[in-house]
Amino acid sequence: MKKVDVILGLQWGDEGKGKIVDALAPNYNIVARFQGGPNAGHTLEFDGHKYVLHTIPSGIFHKHITNIIGNGVLIDAQIFMKEIAMIRANGYEPSKNLKISQKAHLILPTHRVMDAVLEHLKGSAKIGSTLKGIGPTYTDKTARHGLRLGDSLEPDFKTRYETLKATHIRQFESLGFDWKNHKIEQLSFDEYEQKWFAGLEEIKKFDIISSEYFINQALDAGKNVLAEGAQGTLLDVDFGSYPFVTSSNTTTAGVCTGLGVAPNRIGKVYGVFKAYCTRVGSGPFPTELNDEVGEEIRKVGREFGATTGRPRRCGWLDMPALNYAIMINGVTDLVVTKIDVLNDFSEIKIAESYIVNGQKTAEFSTADLEDIKLDYLSFDGWNQSLADIDTFEKLPSNAQKYLEFIEKNTNTKISIISTGPNRLETFFN
């Protein structure tokens, strides 16, 4: 029985999943996104070009591969069509190899306003939302108020849209929010809404499918399927550093609900992690470096959000957090990215464990960072470029020792190593 392989992030997102999906894609017939929405930013670099995808799966540039936006994904029609325009401008026609679940929920313009309202009301306790309307849309989905892409094909869609919009507006006005003058991506509400509807008409020209049937039938026919996650495990709504999380299940379990495949159809789970840690937005971050070392990692690693442009917080690799993510996801294969960012550091550290109330523990916790001390191990740097290295044996000995420690501590093999942002700077171990 064919199974769905999974690729997802093991940290707070931004691990380089898009690049790895692009590298793995030639081995698959189908690449399917299973959760999240345009709050994702998957960056791909090849043939001298850089592309950032927000909603569309990262296999889209392989013309022979079918890409699916699953039912667990949220779609903003305006953002989606901007992404489509970018892909077309670069010589690709996504309508030929992109299919969309009829059960995918729509992010309405008022969802984006609601996101801004709720974040503003939180004040200093804000979570660092991307303001893409993700949380309010998932809220409406759970409350059974939401609108799905398939609904847009029905004759009463506009009525249902206006009803939900009116509900949102009453909420804005009860909070005293001047929604009429609120800008969405520098556009007035009416301008954004007009573009949103125009985008929706274009989306309806794509192949809108029952993706759960399509994927299961493809598996039955012997096709290879890769499920692509967004964000990271530590942002999972259930198992992340709540409440500073996203609004979906970013873990392997999300594949089952986000694509409609049974748990026994999950195959390999590729867990992607950086050779260090980063986080965007608010929330606990045990190994964060608020010093010149953290600043150097940010500068060398170009650590700025692909979706928001915000500078990422940087720190050393956190083994309790990494092992927690491996456990939650059932990771079979590790993928390390951005090891090249550490090329010029003479000393590299890993937090092997936490010390809480004087007791050493390997259990991940962010309950109260003031009570957590970190037990660091130091490694000698390799102080050389990793350019043109294409096997583990060719890595500098100190880089090998660093990765071998991670494999031993996690009891999981590192199967893929990324030594730079380009598609070609990747090798299988």
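**A charge over a ring**

Over the ring of which residue does the charged end of Lys 349 sit? The ring belongs to Tyr 376, and the charged end of Lys 349 is 5.8 Å from its centre. This is a predicted model.

Phe 197 takes part in a contact of this kind too. Lys 158 lies over the face of Phe 197, at 5.1 Å from the ring centre.

**Strand β15**

Strand β15 covers residues 333-337. Five of its five residues are buried, so the strand is largely enclosed by the rest of the structure. Side chains in a regular strand alternate between the two faces of the sheet. In β15, Asp 333, Val 335 and Thr 337 point one way. Leu 334 and Val 336 point the other way. Both sets are buried.

Two strands pair with β15. Strand β11, residues 266-274, pairs with β15 in the parallel sense over five bridges. There, Val 272 stands opposite Val 335. Strand β19, residues 414-418, also runs parallel to β15, and three bridges join them. Leu 334 has Ile 414 of β19 as its bridge partner.

**Aromatic pairs**

The model has 16 aromatic pairs. One of them joins Phe 61 and Tyr 92. Their ring centres are 5.0 Å apart and their planes meet at 75°, so the pair is edge-to-face; the cut-off for that class is over 60 degrees. Phe 61 lies in the loop between β4 (49-53) and β5 (66-69), and Tyr 92 in the loop between α2 (77-89) and β7 (98-101). The pair therefore ties together parts that are 31 residues apart in sequence. Phe 61 is buried, at 6% relative accessible area. Tyr 92 counts as buried too, at 15%.

Tyr 161 counts as buried, at 0% relative accessibility. Phe 197 is also the residue whose face lies under Lys 158.

**A nonpolar surface patch**

Which residues make the nonpolar surface patch of about 260 Å²? They are Leu 118, Leu 121 and Leu 175. Leu 118 is found in helix α3, residues 109-122. It counts as partly exposed, at 35% relative accessibility.

**Backbone points to check by eye**

The peptide bond from Tyr 242 to Pro 243 is cis, with omega near 5°. Pro 243 lies in the loop between β10 (225-228) and α8 (253-259).

Lys 338 and Asp 388 have positive phi values, although neither is glycine. For Lys 338, phi is near 60°. Lys 338 lies in the loop between β15 and β16 (347-356). It is partly exposed, with a relative accessible area of 22%. For Asp 388, phi is near 70°. Asp 388 lies in the loop between β18 (372-380) and α11 (397-410). It is exposed, with a relative accessible area of 75%.

Conventions: Residues are numbered from 1 along each chain as its sequence is written. This is a predicted model: local features need pLDDT of at least 70, side-chain atom pairs count only at pLDDT 80 or more; totals for chains, interfaces and linings use all residues. Side-chain values use heavy atoms; hydrogens and water are left out. Buried means under 20% relative accessible area, exposed over 50%, partly exposed in between (1.4 Å probe, protein chains only). Helices (H or I, at least four residues) and strands (E, at least two) are DSSP runs, numbered from the N terminus. Two strands pair if DSSP finds at least two bridges between them. Rings of Phe, Tyr and Trp (its six-membered ring) pair if their centres lie within 6.5 Å; planes under 30 degrees apart count as stacked, over 60 as edge-to-face and the rest as tilted. A charge sits over a ring if NZ of Lys or CZ of Arg is within 6 Å of the ring centre and within 35 degrees of the ring normal. Patches are made of residues with over 30% relative accessible area and no salt bridge: like charges are joined within 9 Å, nonpolar side chains (Val, Leu, Ile, Met, Phe, Trp, Tyr) within 5 Å. Accessible areas come from the Shrake-Rupley method with a 1.4 Å probe; for residues, only the protein chains shown count as cover. A salt bridge is a side-chain nitrogen of Lys or Arg within 4 Å of a carboxyl oxygen of Asp or Glu.
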